[in-house]
Amino acid sequence: MKRPEETRIWITLCCIGVLFGCVKSREFDSPEGVCFADLTSNATYSEVKNRYVDETVQIQEDLIIEGYVISSDEKGNFFSVLYIQNNLSNPTEGFQIEIDMRDSHLFYPVGSKLYIKLKGLYLGKSKDVFKLGGTFTSFGNTSVGRLPTSVMDQHIFVACNDKVALEPRELTIDELTPNLTNTLVKFSKVEIIEGELGQPFAVPREETTRTLVNCQKHTIELLNSGFSDFQSAELPAGNGSITGVLLREKSDFKLAIRTLEDIDFEQMRCEEEVTTITTKNIIISELADPENNPKARFIELYNASEAPVPLNGWVLRRYTNDNSTVGSTIDLSNERIESHSTLVLSPNSEEFEAVYGFLPDMEVGTNTAADSNGDDTIELVDPLGTVIDIFGVVGEDGSGTSHEFEDGRALRNPEVIRGNSQYDLNEWTVYNDSGGFGTMEQPQLAPDDFTPGLRN
């Protein structure tokens with residue numbers, strides 16, 4: 001004959017079995033639960049985390065923390081885990097609790113206040129993120145595992161507070177810090193990157209990451225379960241706000257939503273920003289016409305400023321021989337020069353790599369400014385149409401002049417850091433096969449006599 005205590009346990013287990021065995025959908029009412037009004041927290045999240053020293057540890061002290069549930073497995077994007085944070089709004093820390101329970105949202109709905117009795121629980125780290133739970137051992141190593149359902153009521157207690165609305169911490173993607181891991185956050189003015197539009201949230205039965213981006217091009221991964229109810233839904237095409245649990249794997253942040261209602265992408269997508277900058281600190285720094293290999297010609301630009309410069313709207317123009325009209329133009333709009341760095345342009349990238357050992361930054365056509373035979377005039381022009389720098393004199397054939405670099409090289413002197421719209425030989429060292437007018441009669445051979453990519 002069963003004792004009364006055994007009978008009560010048997011009845012409880014039967015009720016749980018009926019509850020979880022007969023229900024095929026997650027859409028049903030929360031069971032009436034027991035709440036606790038006489039518990040008080042006596043430890044902060046930081047104090048608990050400080051007990052971890054290099055390996056998983058079982059907590060032996062009678063410590064209690066409190067927190068608010070921010071995750072939900074109702075739509076299947078979370079599984080066997082609870083995420084809690086320390087405040088209703090503007091949380092400063094969160095915790096991950098591993099549990100062996102399905103449909104935990106019925107017992108611990110979003111906004112519920114929980115007390116966690118830590119004595120007997122295990123504290124560990126996975127990919128630099130703290131977690132609490134039970135334990136499992138693999139190959140002699142102890143790790144935090146799921147807390148069995150049979151002992152959850154000894155550690156997790158629902159406070160006798162009304163369920164409240166959480167206020168996610170509003171942040172930008174570039175403001176994320178590790179202490180905000182496992183808290184509820186909200187990003188505004190974000191969207192799915194263009195290359196992923198039209199795809200579902202997740203591949204069936206596989207954890208899938210998609211990419212969120214803001215208008216400043218900062219990104220964060222959106223983590224989706226292939227078992228979620230919204231797995232097959234198409235990613236939204238607009239721009240707007242998204243709320244979710246902030247997750248992390250070492251230094252990589254991820255966001256996981258609870259439901260599609262966490263996304264409000266009803267605004268227009270970010271406009272492609274076209275930045276136009278003018279500066280006198282972009283200069284022509286080297287022109288090359290090697291005597292031994294005309295296919296190894298190139299032109300080098302240099303950014304002498306302290307900031308990178310996008311070259312939207314910038315062009316290089318070539319005036320062939322003594323022509324006073326532009327013979328060819330190179331559009332530099334897709335390029336950018338980092339601070340104190342160069343941009344090397346070549347008419348033949350394959351030959352350039354074979355000669356100099358690396359690829360040029362930009363391959364351009366033949367008969368352009370990068371393919372001069374040494375008697376042409378080259379202009380660098382900003383987005384406003386202003387000539388920022390020049391080599392040569394428009395309307396004058398360079399042969400036999402101070403701007404001839406045939407079979408040679410024109411090298412900008414290292415002290416020059418600003419462009420000049422009027423050619424000045426004093427700013428250049430010019431090598432050629434004839435000499436005269438302040439130039440050096442010294443033909444140049446590739447690769448040894450040239451320094452593409454290096455500002456001397």
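Is D62 buried or exposed? D62 is exposed, with a relative accessible area of 57%; buried means under 20% relative accessible area, exposed over 50%, and partly exposed in between, for a 1.4 Å probe and protein chains only. The structure is a predicted model, in which local features need pLDDT of at least 70, side-chain atom pairs count only at pLDDT 80 or more, and totals for chains, interfaces and linings use all residues. Residues are numbered from 1 along each chain as its sequence is written, and side-chain values use heavy atoms, with hydrogens and water left out.

D62 takes part in a salt bridge with K119, at 3.8 Å from N to O. A salt bridge is a side-chain nitrogen of Lys or Arg within 4 Å of a carboxyl oxygen of Asp or Glu. K119 is partly exposed, at 43% relative accessibility. The pair links distant parts of the chain, 57 residues apart. K119 sits in the loop between strand 5 (113–117) and strand 6 (122–126). D62 sits in the loop between strand 1 (57–58) and strand 2 (64–69). Strands are DSSP runs of E with at least two residues, helices are runs of H or I with at least four, and both are numbered from the N terminus.

The whole structure holds 19 salt bridges. One of them joins D128 and K125, at 3.3 Å from N to O. Both residues are partly exposed: D128 has 39% relative accessibility, and K125 has a relative accessible area of 36%. K125, D128 and R248 are linked in a network of salt bridges.

A further salt bridge joins D389 and R412, at 2.6 Å from N to O. D389 belongs to strand 26 (residues 387–391) and R412 to strand 27 (residues 409–412), so the pair ties together parts that are 23 residues apart in sequence. Both D389 and R412 are buried.

Two strands pair if DSSP finds at least two bridges between them.

R318 stands opposite S328, and L316 has I330 as its bridge partner. Strand 20 also pairs with strand 25 (residues 377–381), in the antiparallel sense, over five bridges. Here R317 stands opposite E379. Four of the five residues of strand 20 are buried, so this strand is largely enclosed by the rest of the structure.

Strand 17 (residues 282–288) and strand 18 (residues 298–303) pair over six bridges in the antiparallel sense. Among the residues paired there, A288 has F298 of strand 18 as its bridge partner.
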